[in-house]
Amino acid sequence: MRNPIYVALDVPSPEKALQLVESLSSSVAGFKVGKELFVSAGPDLVRRIRAAGASVFLDLKFHDIPNTVAKAVAAATRLDVQMLTLHASGGAEMMRAAEEAAQETARGLNRPAPVVLGVTVLTSMAREDLNQVGVAADVGAQVTRLVSLGVQSGLRGFVCSPLEVAGLRSLAPESTAWVTPGIRGPGDAAGDQKRTLSAAEAIEAGATWLVIGRPICADPNPKAAAERILATLRPTA
Ligand code: C5P
């Protein structure tokens, strides 16, 4: 079975991140580099993770005018990341420009394009927060609207809650990548995650990739933690 685990490197220093990469590379599919680590350690860290042979999910959630986002996506493609994020609320033209930039840049380099993932409604936002910024829809309707717009704009993947994925899959082609954070096992501390599923439940619901942070990185033995989660995904018979 394909290994679906991307480990969220939510650590402040490149040294700590590279230690995790070294110990976990052979047990996971790749690593998510987010804003904290990228702002402190920069593209050089991404190059070092790629040089170690691991895949990178660059989670910078771009949201800007189409030309600016296209240039950022082209730069991320040159860095050779495998997935990256933008806010679907940036609009159809922005998403189209991003997808085209990923495809064109990758074609020029003769490598596969990274999957540009749409982020719909942040899980920190409830209906009142949407209303405050002028969105009258409830969260579910807004997520549906943004996934549909993302599909029409050529996106080939989305980030969503594991609890949403089953309901969203029918809106997009079968080949769409569904990336789900909010993964917790029965014994894991929830932390600030409120709506979670286990890794096996998320895969069952249709997730393609699982983003897992603290249940692996905060474990005294991260490699054993990753392998424990992986074992729950493999058929036992
Ligand atoms: O430690 P934990 O497993 O909760 O990490 C989940 C990762 O996924 C974090 O990097 C978090 O920022 C990210 N994420 C999330 N929920 C979202 C979007 C991203 O937990 N809706």
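Helices (H or I, at least four residues) and strands (E, at least two) are taken here as DSSP runs, numbered from the N terminus. The structure is a predicted model, in which local features need pLDDT of at least 70 and side-chain atom pairs count only at pLDDT 80 or more, whereas totals for chains, interfaces and linings use all residues. Residues are numbered from 1 along each chain as its sequence is written, and side-chain values use heavy atoms, with hydrogens and water left out.

Lys32 belongs to strand S2 (residues 30-33) and is one of the residues that surround the ligand, a residue being near a molecule if one of its heavy atoms lies within 4 Å of it. With a relative accessibility of 11%, Lys32 counts as buried, a term that means under 20% relative accessible area, while exposed means over 50% and partly exposed lies in between (1.4 Å probe, protein chains only). The side chain of Lys32 is joined to that of Asp59 by a polar contact of 2.9 Å, such a contact being a pair of N or O atoms within 3.5 Å, of which, within protein, one must be able to donate a hydrogen and the other to accept it, and residues adjacent in sequence count only if both atoms are side-chain atoms.

Besides Lys32, the surroundings of the ligand include Ala8, Asp10, Thr123, Arg184 and Arg214. The shell as a whole divides into five nonpolar, three polar and four charged residues, where Ala, Val, Leu, Ile, Met, Phe, Trp, Tyr, Cys and Pro count as nonpolar, Asp, Glu, Lys and Arg as charged, and the others, Gly among them, as polar. A polar side-chain atom of Asp10 lies 2.7 Å from an oxygen atom of the ligand, and a side-chain N or O atom of Arg184 is 2.8 Å from a ligand oxygen atom. Arg214 contributes through its backbone, an N or O atom of which lies 2.7 Å from an oxygen atom of the ligand. The elements that give two or more residues to this shell are strand S8 (209-212) and helix H9 (214-217).

Leu84, in strand S4 (residues 83-87), is buried, because its relative accessibility is 0%, and its C-alpha atom is separated by 9.9 Å from that of Gly34, 50 residues apart along the chain. Gln132, in helix H5 (residues 127-132), is exposed, because its relative accessible area is 70%; the C-alpha atoms of Gln132 and Gly187, 55 residues apart along the chain, are separated by 37 Å.
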